[in-house]
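Notebook open, structure loaded. I'm going through it a few spots at a time and jotting down what I find.

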Amino acid sequence: RQQLLISIIATLGILSIRGFDYVTLRDAASGQEGTYRKVMKERFLWSLLSVPVALLLGAYFGFLKLEHEFARALLLAAFLLPAYYVVSTWSYFLKGKALFDVILRYKALLSLATLLFVGLAIFLSGGQLLPIFATYLFVQIGGQLYFSWQTVKRVGNDKVSEDWKNYGFFI
């Protein structure tokens, strides 16, 4: 069940237009740092398409397959996925700025927090899917939201490439 849930979430990530991550990297490297803010807004709007899909899948598993815990996990994911997909863009901006030490520090902190909190959730929940999944999502979104906010402070200009949107869809 956990692998199926991860597969569904990864597949729904396509709706958030992952090509925008690479546009962010390219434009940050070329000094057009304003693209980062544009990409964040655009990815959020596109990732909203994952909400009805996850809700329909949750209804399918809840009502037709009678897998209620799995359905509740999908319903929770439906409302958190737009934030989950968007806030991870910070690392591509930092890669474009060649701030690899900052990326390493942020990712290490996030991995440690995830390990501690998800491990605690596994221990306290007896291995139930929903508390473990909820803990994972909240730690990931919370940590990445904080790192995204820290990254916005590093944006040095409002320059935006002319082809950022078209190139993001192309990739």
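This is a predicted model: local features need pLDDT of at least 70, side-chain atom pairs count only at pLDDT 80 or more; totals for chains, interfaces and linings use all residues.

**Entry 1: S161.** I started with S161, which sits in the loop between α8 (129–152) and α9 (164–170). Is S161 buried or exposed? With a relative accessible area of 6%, S161 is buried, because anything under 20% goes in that class. Leaving out residues up to four places away in sequence, I find S161 touching R26, D27, Q32 and T35. I also checked S161 against A73: they are 88 residues apart in sequence, and their C-alphas are 39 Å apart in space.

**Entry 2: salt bridges.** I get a count of 7 salt bridges. D27 pairs with R26, with 2.9 Å between the closest N and O atoms. D27 is buried at 0% relative accessibility, while R26 is partly exposed at 27%.

Next I looked up D158, which forms a salt bridge with R37, closest N and O atoms 3.2 Å apart. D158 is in the loop between α8 and α9 and R37 is in helix α3, so this pair ties together parts that are 121 residues apart in sequence. D158 is exposed at 63% relative accessible area, and R37 is partly exposed at 34%.

Which side chain does K165 meet in a salt bridge? The partner is E42, at 3.5 Å from N to O. This pair also links distant parts of the chain, with K165 in helix α9 and E42 in helix α3, 123 residues apart. K165 comes out partly exposed at 34% relative accessibility, and E42 comes out buried at 14%. I also noted a network: R18, D21 and R43 are joined by salt bridges that share partners.

**Entry 3: rings.** How many aromatic pairs are there? I count 15. I picked out Y36 and F93: their ring centres are 5.0 Å apart and their planes are at 40 degrees, so I logged the pair as tilted. Y36 is in helix α3 (residues 35–47) and F93 in helix α6 (residues 90–96), which puts this link across 57 residues of chain. Y36 and F93 are both buried. Elsewhere, W90, Y106, Y146, F147 and W149 are linked into a cluster by ring pairs.

Two lysines went on the list as well. K153 lies over the face of W149, 3.9 Å from the ring centre. K95 has its charged end over the ring of Y92, 4.6 Å from the centre.

**Entry 4: positive phi.** I17 isn't a glycine, yet its phi is positive at about 55 degrees. I17 lies in the loop between α1 (2–12) and α2 (19–29), and it is buried at 14% relative accessible area. A98 isn't a glycine either, and its phi is about 60 degrees, also positive. I found A98 in the loop between α6 and α7, where it counts as partly exposed at 47% relative accessibility.

Entry 5: S47, in helix α3, is buried with a relative accessible area of 0%. Not counting residues up to four places away in sequence, S47 touches L15, S16, P82, Y85 and V86.

Last, I checked the surface. L112, L115, L116 and F117 make up a nonpolar patch there, with about 440 Å² of accessible area together. L115 is in helix α7 (residues 100–125) and counts as exposed at 62% relative accessibility.

Definitions and conventions. Residues are numbered from 1 along each chain as its sequence is written. Side-chain values use heavy atoms; hydrogens and water are left out. Patches are made of residues with over 30% relative accessible area and no salt bridge: like charges are joined within 9 Å, nonpolar side chains (Val, Leu, Ile, Met, Phe, Trp, Tyr) within 5 Å. Accessible areas come from the Shrake-Rupley method with a 1.4 Å probe; for residues, only the protein chains shown count as cover. A salt bridge is a side-chain nitrogen of Lys or Arg within 4 Å of a carboxyl oxygen of Asp or Glu. Helices (H or I, at least four residues) and strands (E, at least two) are DSSP runs, numbered from the N terminus. Buried means under 20% relative accessible area, exposed over 50%, partly exposed in between (1.4 Å probe, protein chains only). Rings of Phe, Tyr and Trp (its six-membered ring) pair if their centres lie within 6.5 Å; planes under 30 degrees apart count as stacked, over 60 as edge-to-face and the rest as tilted. A charge sits over a ring if NZ of Lys or CZ of Arg is within 6 Å of the ring centre and within 35 degrees of the ring normal. Contact means heavy atoms within 4.5 Å.
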